[in-house]
Amino acid sequence: MKVKSYLMGAWREGQGEGVPLRDATTGEVLARVTSEGLPLAEALAWGREVGGRALLALGFPERGRRLRALAAYLSEHKEELYRLYATTGGTRRDAWYDVDGGIGVLYSYASLARNLPEGNFLPEEENLPLSKDLSFQGRHLLGPKGGITVQVNAFNFPVWGLLEKFAPAFLAGVPTLAKAATPTAHVAEGLVRRMVASGLLPEGSLQFVAGGLGEALEALDHRDSLYFTGSKATADRLRRHPAFLERGALFNAETDSLNAAILGMEAGEEELQRLAEEIAQELAIKSGQRCTAIRRVLVPQDRLQALLQATQARLEGLRLGDPREEGVDLGPLASLEQKAEVEGAVAALLQGGARLAWRHPGRADGAFFPPTLLLAEDPYGPPLHQVEAFGPVATFFPYRTPEEAVGLARLAGGMLAATLATPDPEEARFFLEGLSGHVGRLHLLNRRNAHSSTGHGSPLPRLLHGGPGRAGGGEELGGMLSVRRHLARLALQADPSTLQALTGEYAKGGEKPATVHPFRKPYEALEVGETLWTHRRTLTEADIALFAHLSWDHFYAHTDEIAAQKSLFGRRVAHGYFVLSAAAGLFVDPAPGPVLANYGLEGLRFTEPVGAGDTLQARLTVKAKRPRDEKTGVVEWAVEVVNQEGKTVAAYTVLTLVARQGAGEAP
């Protein structure tokens, strides 16, 4: 049997004998993997054309809804993936991290879509006036590239690795060609089969290849991207390809690194025990086969033995065995080849100055590799900070000063993640300043957050995943950071009416007079730029006094005539929140209608004082719209309050829930 690829809407089998894919525990050949003879260049072109067109026809909100539905669908069928997972050497807990973690990424990116506009363009910053009369303006905008993303995944996370790359690309409207690593390609194939069977993915939005990329790189150009997870050596070779150096395709790499855990000098006993637990967990989950796993442990010299013993105590009771058996904590490494690489790395570390501090007495046959703790009493041997054992292995290093600890951590040449265990903010600040250019994610662990921390090795969808130098220099996840990375940034210059028509957001100078009160219109009928000027209201002394009484805000500038005269205002002034309330009274239509509720207020500024005798008028403009669900949408209203001289005294954005056409008035 061969693992099949999914290209141009069909499942296809590569030619030739292929590479054997084995059960990590038994060594049994499960399938063979080959992409020989597959039309990968054609598949890329087909994905751009067919998949790109289908995705852009949906827009951000609908793509988000489909991600949510896909997450729910996969949750219903995840036991199939769990069963496949056992053949990779992963325990059920390992499968949970990969399968459920990947599904969680889909949910996370689906939730981001709730705050995105309709269509496929994301305006950035604010409109920039380029002429005094506002007839010529500029705006930075993110839009479709028209390309495809090739996503090369590592063997250790066949589900999460694929979904964490796929989700932001899909939300951005970019089709994906996902390449699986050979040792776990059958799990990735099972995932993609389920994704396709869901019926939620537009044709061409996801393709899958098991085996090599062949001619695919030759077909990439400036519209495209390649997201890679794997070894630094492979990443360095790929980034020199003409597709990236000459044709301008985006190359993003996330590579293995020698991540550090540091016990701070101010850490107490609880921090020490929590860090020991963290280290043991990092060696046990996936048998240490995680790119974010702890490889180096930096400890104050006088506490080195205490942390070593605490870590050992948490590891020695773990049971190694077939992950399909009840009570097994650690399975084998993914393959015999992977075990050989780990053995070679450990030998290099021992030759480079480390010594064996402790090794688990469990199984070492086949692809099994027992958890191993090394100790480098001389922490400066070059291989100790250059060689990575990609398995359940950690090396402990003593340090004498915080400066030395920072220096040792930096010797790795860039890390994906580091953990600092300390309860002291000043110590945390020192390490933050020392490591900020050397690590992609800094995890601060102490007695206050240990109970809720997601752990050292767990990338989160809303936070950046990547790191400098040896870690690849790439950026994945990070919420909207990743979505934006899949889009093209351009500077748009136009008149305000054209600008707001293209961006879907109000540009000052592009107002359209409202013929009926905008609060009488359902969501679909509202136009961006539609503007209502209200009637006027003149403030009185009684207004100020009554608001002070009602709000209990008796600040001197509102209630003490003598003190107010000596203030920067020179007179008693109205409360800012009275101005806000008075403006609402001017622009709100009180009768029941499509506007259902106030959803929030943003960007409030009071720019001029208002006192008794001043006359206020408000301008209400539809600033932007985005659908919330089938029944309601969120409308942003730009509010500007002016006085009798035409000066702006307050400006802000009001958000309201508005009923959609035919949805009635209940959200």
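T311 sits in helix 10 (residues 304-315). Helices (H or I, at least four residues) and strands (E, at least two) are DSSP runs, numbered from the N terminus. T311 is buried, with a relative accessible area of 0%. Buried means under 20% relative accessible area, exposed over 50%, and partly exposed in between (1.4 Å probe, protein chains only). Leaving aside neighbours within four places in sequence, T311 is in contact with A276, I279, A280, L373 and F396. Contact means heavy atoms within 4.5 Å.

This is a predicted model: local features need pLDDT of at least 70, side-chain atom pairs count only at pLDDT 80 or more, and totals for chains, interfaces and linings use all residues. Residues are numbered from 1 along each chain as its sequence is written, and side-chain values use heavy atoms, with hydrogens and water left out.

**The whole chain**

- The protein chain has 19 helices and 27 strands.
- Its C-alpha trace spans about 90 × 60 × 50 Å along the principal axes.
- Of the 667 residues in the protein chain, 57% are buried.
- Take the contacts in the protein chain with a separation of 6 or more: residues 24 or more positions apart account for 73% of them.

**The largest nonpolar core**

- A nonpolar core is a set of buried Ala, Val, Leu, Ile, Met, Phe, Trp, Tyr and Cys residues joined through side-chain atoms within 4.5 Å.
- The largest one has 56 residues, and L74, L106, Y109, F166 and M195 touch the most other members.
- Helix 5 (residues 160-172) gives the most to this core, with 9 residues.
- Leaving aside neighbours within four places in sequence, L106 is in contact with L67, L70, A71, L74, L163, F166 and A167.

**Helix 12**

- In helix 12 (residues 402-410), the buried residues include E404, A405, V406, L408 and A409.
- An α-helix has 3.6 residues a turn, so residues three or four places apart point the same way.

- Strand 25 is mostly covered, with 12 of its 13 residues buried.
- Two strands pair if DSSP finds at least two bridges between them.
- Strand 23 (residues 530-538) and strand 25 run antiparallel and are joined by 6 bridges.
- In strand 26, G633 is the bridge partner of P627.
- A hairpin of 4 residues joins strand 25 to strand 26.

**Pockets**

- On a 1 Å grid over the protein atoms alone, a cavity is a set of points where a 1.4 Å probe fits but cannot get out, and a pocket is an open set with protein on both sides within 12 Å along at least five of seven lines; lining residues have an atom within 4 Å of a point.
- Grid points are joined across faces, edges and corners, and a volume is the space filled by probe spheres set on the points.
- The largest pocket holds about 1,200 Å³ of space.
- Its lining has 44 residues, and F155, A181, P183, Q338 and E341 lie nearest its centre.
- Strand 3 (19-22), strand 10 (225-230), helix 7 (232-239) and helix 11 (336-351) are the elements that give two or more residues to this lining.
- By class, the lining of the largest pocket has 21 nonpolar, 13 polar and 10 charged residues.
- Ala, Val, Leu, Ile, Met, Phe, Trp, Tyr, Cys and Pro count as nonpolar, Asp, Glu, Lys and Arg as charged, and the others, Gly among them, as polar.
- The second largest pocket has a volume of about 750 Å³.
- It is lined by 29 residues, and E126, Y506, K623, A638 and T653 are the closest to its centre.
- The lining of the second largest pocket has 10 nonpolar, 7 polar and 12 charged residues.

**Cavities**

- The whole structure has 5 cavities of 30 Å³ or more.
- The largest cavity has a volume of about 100 Å³.
- Of its 13 lining residues, T88, N156, K286, Q289 and A334 are the closest to its centre.
- The second largest cavity has about 80 Å³ of space.
- Helix 5 gives the largest share of the lining of the second largest cavity, 4 residues.
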